[in-house]
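Subject: Structure handover

Hello,

Here is the structure I promised to pass on. Please open it first, then read the notes below.

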Amino acid sequence: MTLTNFVERYSGNDTSGLSRGNLFFALLILLTRLPFLTNGFGTDEDSWGLALTAFNIHNTLSYEVSRFPGFPVHELVSSVFIVGGAVALNLMTAVMSSVAVLFFVCALQEMRFKFPYLAGVVFAFAPVVFIHSTDTIDYMWAMAFIMLSFWMILSGQTIVSALALSVATGCRITSLAMLMPFSVLLIDKNLSTRKNAIAILRYCIIALMFSVVIYLPVIIKYGKAFLTFYDLSGYPTISKVLYKFTLGVWGIAGSVAILFAIGSLLFSSPLSPGKFLLPKTINEKHIIAWLVAIDLTIIIFIRLPYESGYLIPIVPFTIMLFGKYMREKAFIIFSALIIVSPWLIGIATADKPDSPKPSSLASVFNFSTEKITLDLARGPLLTDLTAREATMLFADSVLNEVENLTDTSVIICGWWSTKILYKYAHLPESKKNNLIIISQYLNRDELISYVQKRFNIYYLPMQDSFEKKLYGIDVKYFGALPLLQSEEEEEEGPELQPES
């Protein structure tokens with residue numbers, strides 16, 4: 001039996017919809033996530049912010065956003081399960097990721113794709129997807145409903161598709177961008193322009209109307225102010241943007257897979273042997289829709305290129321695009337490279353308190369303005385898991401230091417604030433220090449106010465420089481001191497003292 005025959009036999013091309021085979025496949029995907037659900041809510045501050053908000057909603061029964069513009073579906077559902085802590089919320093994400101893969105496979109079968117299970121595994125094992133299938137963030141929640149919407153529109157269930165896209169928007173508002181590519185799929189060449197326009201308009205109205213209904217808790221509480229997007233001061237360096245766009249999504253082996261796929265398309269002869277994976281009925285309309293989905297996702301990312309997770313929607317559409325034009329054997333090689341990518345060669349920063357501890361096979365080198373660890377023993381998935389462990393240890397070290405403060409103090413925690421606040425809220429009352437205030441950042445007026453009230457001001461590592469980026473303030477001028485000193489800071493000595 002040849003490799004292609006083996007893949008074809010076990011790739012689910014004879015099943016469709018919510019069949020037993022497809023549900024069993026989704027269960028197998030879920031099982032791959034279970035070993036990686038511990039060590040907190042993730043490395044991203046937004047994951048901890050969601051958990052903190054869910055905790056507050058659960059206790060107060062009053063809705064609040066974890067961050068603007070709000071993620072009401074994820075926030076409200078998480079508030080029900082927050083009693084189970086990080087494992088419960090991470091497990092919910094893992095379930096949603098397996099559901100996203102299931103609906104992707106169903107859509108592929110609707111299009112009569114030859115290797116739907118193989119493509120489903122590629123989607124599930126793309127490093128950015130695998131990592132964010134095991135933490136508490138909304139990316140895979142949104143993708144589950146985007147893939148359901150995609151499958152339903154291929155099946156002709158346009159109302160269900162529009163409703164599913166509304167729920168996806170309630171998980172992550174940028175999901176509404178899928179209105180454009182999905183509208184392209186509604187175009188029927190056998191109908192008049194007027195009828196096509198009416199079908200598209202009806203679809204968009206339903207999706208928009210129910211998106212507004214889902215966002216009512218946000219609108220009622222915050223009004224027009226909810227239309228504020230999370231933004232940081234300063235655009236990332238080009239090197240960081242390129243990393244997040246490539247290695248951050250696909251990993252090293254996965255990036256090689258993308259280059260291989262492009263090369264196989266550019267340099268293969270149209271007369272070379274091998275079969276294609278999609279029928280000719282999947283034509284220009286579908287290709288345009290996939291390209292529009294990819295392009296819109298990239299545009300949204302370029303506007304705020306802070307997380308590789310923003311690019312997750314390009315993964316299934318990229319797989320389909322290569323699946324349309326690559327032949328069987330080339331697609332199998334492409335798939336194999338991405339499937340092994342989460343396990344091969346991890347990259348992480350080496351100069352932060354919560355950076356993962358490198359293995360014996362790791363090398364540290366300078367790249368641009370940062371120290372980077374290239375770890376041959378841990379791929380992106382295990383590197384992320386190790387970083388989560390380091391995050392927990394660092395947060396605990398901050399809380400231990402806070403417990404011992406004896407004067408009224410305010411601590412500038414920056415991007416660690418949600419992690420510190422969540423863990424602080426779960427401390428026994430005997431360990432809470434009522435003399436301290438945990439803050440994300442402080443503007444000039446707030447700093448002056450705390451100085452006048454004779455508060456001690458502390459900051460966590462690197463947050464003094466970030467205060468300069470945000471507000472142009474040198475917090476050391478106001479007497480701020482580092483709460484924790486790194487070895488480098490201890491060696492610098494007097495230079496860390498507040499400026500007079």
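Gly 156 follows H8 and has a positive phi, near 85 degrees. Helices here are DSSP runs of H or I with at least four residues, strands are runs of E with at least two, and both are numbered from the N terminus.

Before going on, the ground rules. This is a predicted model, in which local features need pLDDT of at least 70 and side-chain atom pairs count only at pLDDT 80 or more, while totals for chains, interfaces and linings use all residues. Residues are numbered from 1 along each chain as its sequence is written, and side-chain values use heavy atoms, with hydrogens and water left out.

**Helix H8**

H8 covers residues 139–154. Its 16 residues should span 22 Å at 1.5 Å a residue, and the end C-alpha atoms lie 23 Å apart, which agrees. The expected span is 1.5 Å times one less than the number of residues. Of the 16 residues, 15 are buried, so H8 is largely enclosed by the rest of the structure. Buried means under 20% relative accessible area, exposed over 50%, and partly exposed in between (1.4 Å probe, protein chains only).

**H8 against H16**

Helix H16 spans residues 314–325. The two axes come within 11 Å and cross at roughly 40 degrees. That makes H8 oblique to H16. Angles under 35 degrees count as roughly parallel, over 145 as roughly antiparallel, 65 to 115 as roughly perpendicular, and the rest as oblique. Axes are lines fitted to C-alpha atoms, for helices over the stretch in contact, with angles from 0 to 180 degrees between N-to-C directions.

H8 brings Met 143, Met 147 and Phe 150 to the contact; H16 brings Pro 316, Phe 317 and Met 320. Contact means heavy atoms within 4.5 Å. By class, there are 6 nonpolar residues, no polar and no charged. Nonpolar is Ala, Val, Leu, Ile, Met, Phe, Trp, Tyr, Cys and Pro; charged is Asp, Glu, Lys and Arg; the others, Gly among them, are polar.

**The sheets**

Strands pair if DSSP finds at least two bridges between them. E2 and E3 (residues 370–375) pair over 6 bridges. Phe 365 has Ile 372 of E3 as its bridge partner.

Another open sheet has 4 strands, ordered E5-E4-E6-E7, with parallel pairing. E5 (436–439) and E7 (481–482) are its edges. E6 (residues 456–459) pairs with E7 over 2 bridges. There, Tyr 459 is bridged to Pro 482 of E7.

Best wishes
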